[in-house]
Amino acid sequence: MSNDIDESLRQWLADREDANQRRVRRCLSTPQGPVIEIGGKPLINFCSNDYLGLANHPAIAAAFKRGVDEYGVGSGASQLVCGHSEAHAKLEEQLAIFTGRERALVFSNGYMANLAVISTFAGRGNHVIGDRLNHASLIDGARLSGARFRRYPHADCQGLERMLASAKGDRTLVVTDGVFSMDGDLAPLQDIAGICRRHGARLMVDDAHGFGVLGESGAGILEAFGLGSSGVSILMGTFGKALGGYGAFVAGDADIVEYLVQAARPYIYTTALPPALAVAARESLRLIREEPDRRQYLHSLIDHYKQAASDLGLPVPASSTPIQPVILGGAGRTVQISEALREDGYFVAAIRPPTVPPETSRLRITLSANHTREQVDGLLESISALMRLAA
């Protein structure tokens, strides 16, 4: 039996290789930044989620070191045993204020936060309805919850309304990304919030890619759309993207957060985030609040990218965020151009199925506040030349 299983695994891996879908880890020998080193070769990095360039910021690194000096390395236990420290409590207080919510709850990572929210607020006899292009963690959370799970076509508010109108059950949870991680476009949240209000559904927004980037103060997509807790009752955000660290949080009214504390199994039974990372996240929040020029420059760079891409005749996506995909279609062609870009000195990952739908393989270009306009121009000129050769 074991030989049969081993052969099926080998065949599965071979099939992935043949379809140009095998994932490969690239080992960095440098910190995250606009220029990284892989295999001894310096590369201008255009595929990191370090949108504000904070992952190697000296003030955040210093805060992390202070946190280690004060609290040690590990948290030692789950938050409900003895792993909840002053560092976590202070971070949660600041997150609640920053997002305009009554309370916030720190999680070890965004995937776990999404599993916790969905499994706690939906179960057998309930409904979870989500956008078809939601992040894998939202999809997995819905599937594992035991609720009836349905997906509406991407950003299709009429489709969502039809599903809510036909939903039968004592509880319906609608879940959506705020910024979609592969296309960079925004969910039509004002319309979605209105539809949920009309049908008495609870709305959860995963703002992993908007938190720190969008909104006047950087509080994320809800701030950008002017939506409070009455429109979106549950907000999830992460520290591993614009904040440059690691971890996540859920924010909402006090009763919602307390319910998660008491009932969310992924929260109750997981070792707490190391306190030093909470200290570092507080420093990231301070920089976001006090240095808006970093965010402003990033948005000017996004505008520059879109104009330069248009001038070169490259496809310009409907994205106003740092995520600017170049959709090439076939996986083989996408891998070929990604590898050629590395030869030219640029690191842009090839994103292929099953991460994205079939025939939508792409270069997922992400911009950072640490990039220069000259680096962006060089990347686009290289892509333009390679696309002509690969046509």
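**Figure 1. Polar contacts of Gln79 in the predicted model.** A polar contact of 3.4 Å links the side chains of Gln79 and Tyr267, a polar contact being a pair of N or O atoms within 3.5 Å in which, within protein, one must be able to donate a hydrogen and the other to accept it, and residues adjacent in sequence count only if both atoms are side-chain atoms. With the side chain of His84, that of Gln79 makes a polar contact of 2.6 Å. Gln79 belongs to helix H3 (residues 79–83); helices (H or I, at least four residues) and strands (E, at least two) are DSSP runs, numbered from the N terminus. Gln79 has 8% relative accessibility and therefore counts as buried (buried is under 20% relative accessible area, exposed over 50%, partly exposed in between; 1.4 Å probe, protein chains only). Leaving aside residues up to four places away in sequence, Gln79 touches His84, His88, Glu92, Val106, Tyr267, Thr270 and Ala272, where contact means heavy atoms within 4.5 Å. The model is predicted, so local features need pLDDT of at least 70 and side-chain atom pairs pLDDT 80 or more, whereas totals for chains, interfaces and linings use all residues. Residues are numbered from 1 along each chain as its sequence is written, and side-chain values use heavy atoms, without hydrogens and water.

Figure 2. The structure holds 6 aromatic pairs, defined for rings of Phe, Tyr and Trp (its six-membered ring) with centres within 6.5 Å; planes under 30 degrees apart count as stacked, over 60 as edge-to-face and the rest as tilted. The ring centres of Phe46 and Tyr346 are 6.4 Å apart and the planes lie at 40°, so this pair is tilted. Because Phe46 lies in the loop between strand S2 (41–45) and helix H2 (58–71) and Tyr346 in strand S11 (residues 346–347), the pair ties together parts that are 300 residues apart in sequence. Phe46 is buried, at a relative accessible area of 0%, and Tyr346, at 11%, also counts as buried. Phe98 and Phe211 form an edge-to-face pair, because their ring centres are 5.8 Å apart and their planes stand at 75°. Both Phe98 and Phe211 are buried; together with Phe239 and Phe249 they form one aromatic cluster.

**Figure 3. Open sheet of S10, S13 and S12.** The 3 strands are ordered S10-S13-S12 with antiparallel pairing; two strands pair if DSSP finds at least two bridges between them. Strand S10 (323–329) and strand S12 (350–351) are at the edges with a single partner strand each, so one side of each lacks a neighbour in the sheet. S10 is joined to strand S13 (residues 361–366) by 6 bridges, and Gly329 has Ser361 as its bridge partner in S13.
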